[in-house]
Amino acid sequence: MSWLQAMVLAVVQGLTEFLPISSSGHLRIVSELFFGDDAGASFTAVTQIGTELAVVIYFAKDIARLVAVWFRGLFNAEVRGTQDYRLSWYVIVGSIPIGVLGVLFQDYIRSSLRSLWVTGAMLIVFGVLLGLAERFGQQRRGQGQLKLSDGVVMGFAQSLALIPGVSRSGGTITAGLSLGLARPTAVRFSFLLAIPAVFAAGLSEIPHVFEPSSHGLQPSGAQMIVATVVAGVVGYAVIAWLLRFVERHSVYLFVWYRIALGLLVFALLGFGVMQP
């Protein structure tokens, strides 16, 4: 991997991680289209550590409050009755599915599921589902009305993002809207839900980034560190923008973008411009 490739892919990761358009899908497409090879699942997972650090920094006060309340609630029955204590458990419970499924299906995640035919199909299918959730979801419940079932359903939706093209944020936002959550609530909870799972996945993938391989772009240690930092800086700006955007606008912009990109991927594959 060259420095240009590492920086381009880092910026792509930062721009797309929090938008419901699939960062892993974009990294797969960009690396194949412009660099003729796959950046790899490990590079994707490790650069996500940078974007999740951006979430931790942006929501530092909220996270510190939830962690403190959770520890106090373990020993104080009165604290266990608060919404913050319940919310912290919703994040923990919702993080379990992606961790379990990620371990069980890691071989498929690294190989067959990274086919661009799969990526293109998932961009379209989950784009349509996101549009349906926006159209028919009641969007009445705020953060104070989150329930354990919301955490479980959104947790399983997050696990689908193991397939490039689905989108972690897209899956969780789609699930949240379908459950009747208000758009800003679904987005904020999606950010919080990602932190444990993405950090765990990124840390577990660090050794695999530098494994010798007969295919795929191989970054150096310095490139991996810088790319992770760049992805985090770009991701921080995207968080601020997206939270403002969803307060005033629907998610149809992302729906149409996903469908158009999926069709473009099919066309490029069909004409042999990209290899699956």
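One cut-off before we start: a residue counts as buried under 20% relative accessible area, as exposed over 50%, and as partly exposed in between. Keep in mind that this is a predicted model.

Start with Met7. Find it in helix α1, which covers residues 3-16. Is Met7 buried, partly exposed or exposed? Its relative accessibility is 24%, so Met7 is partly exposed. Now look at what it touches. Leaving aside residues up to four places away in sequence, Met7 contacts Val226, Ala227 and Val230. Take Val230. In sequence, Met7 and Val230 are 223 residues apart. In space, their C-alphas are 7.5 Å apart.

Next, helix α2, residues 23-35. It has 13 residues. From first C-alpha to last it reaches 17 Å, close to the 18 Å expected at 1.5 Å a residue. How many of its residues are buried? The count is 10 of the 13, so α2 is largely enclosed by the rest of the structure. The buried residues include Ser23, Gly25, His26, Arg28 and Glu32. What do the buried residues of α2 pack against? Four helices: α1, α3 (41-58), α7 (116-136) and α12 (252-270).

At the N-terminal end, Ser22 is the cap. A side-chain oxygen of Ser22 lies 2.9 Å from the backbone nitrogen of Gly25. Just after the helix comes Gly36, with a positive phi of about 70°.

Now the aromatics. The model has 10 aromatic pairs. Take Phe18 and Phe191. Their ring centres are 5.3 Å apart and their planes are at 85°, so this pair is edge-to-face. The two residues come from distant parts of the chain, 173 residues apart. Phe18 is in the loop between α1 and α2, while Phe191 is in helix α10, residues 183-209. Both Phe18 and Phe191 are buried.

A second pair: Trp241 and Phe254. This one is also edge-to-face, at 6.5 Å centre to centre and 90° between the planes. Trp241 belongs to helix α11 (residues 221-248) and Phe254 to helix α12, and they are 13 residues apart. Phe254 is buried, at 5%.

Back to Phe18 for a moment. Along with Tyr58, Phe59, Phe191 and Tyr236, Phe18 forms one aromatic cluster. One more ring, this time with a charge: the charged end of Arg135 sits over the ring of Phe136, 5.0 Å from the ring centre.

Last stop, Thr174. You'll find it in helix α9, residues 168-178. Thr174 has a relative accessible area of 11%, so it counts as buried. Where does its side chain reach? To the backbone oxygen of Gly170, at 2.7 Å. An α-helix has 3.6 residues a turn, so residues three or four places apart point the same way. Beyond the residues up to four places away, Thr174 touches Leu129, Leu130 and Ala133.

To recap: Met7 touches Val226, Ala227 and Val230. Helix α2 has 10 of its 13 residues buried. Phe18 and Phe191 link distant parts of the chain. And the Thr174 side chain reaches the backbone oxygen of Gly170. That's my tour.

Technical notes
Residues are numbered from 1 along each chain as its sequence is written. This is a predicted model: local features need pLDDT of at least 70, side-chain atom pairs count only at pLDDT 80 or more; totals for chains, interfaces and linings use all residues. Side-chain values use heavy atoms; hydrogens and water are left out. Buried means under 20% relative accessible area, exposed over 50%, partly exposed in between (1.4 Å probe, protein chains only). Contact means heavy atoms within 4.5 Å. The expected span of a helix is 1.5 Å times one less than its number of residues. A polar contact is a pair of N or O atoms within 3.5 Å; within protein, one must be able to donate a hydrogen and the other to accept it, and residues adjacent in sequence count only if both atoms are side-chain atoms. Rings of Phe, Tyr and Trp (its six-membered ring) pair if their centres lie within 6.5 Å; planes under 30 degrees apart count as stacked, over 60 as edge-to-face and the rest as tilted. A charge sits over a ring if NZ of Lys or CZ of Arg is within 6 Å of the ring centre and within 35 degrees of the ring normal.
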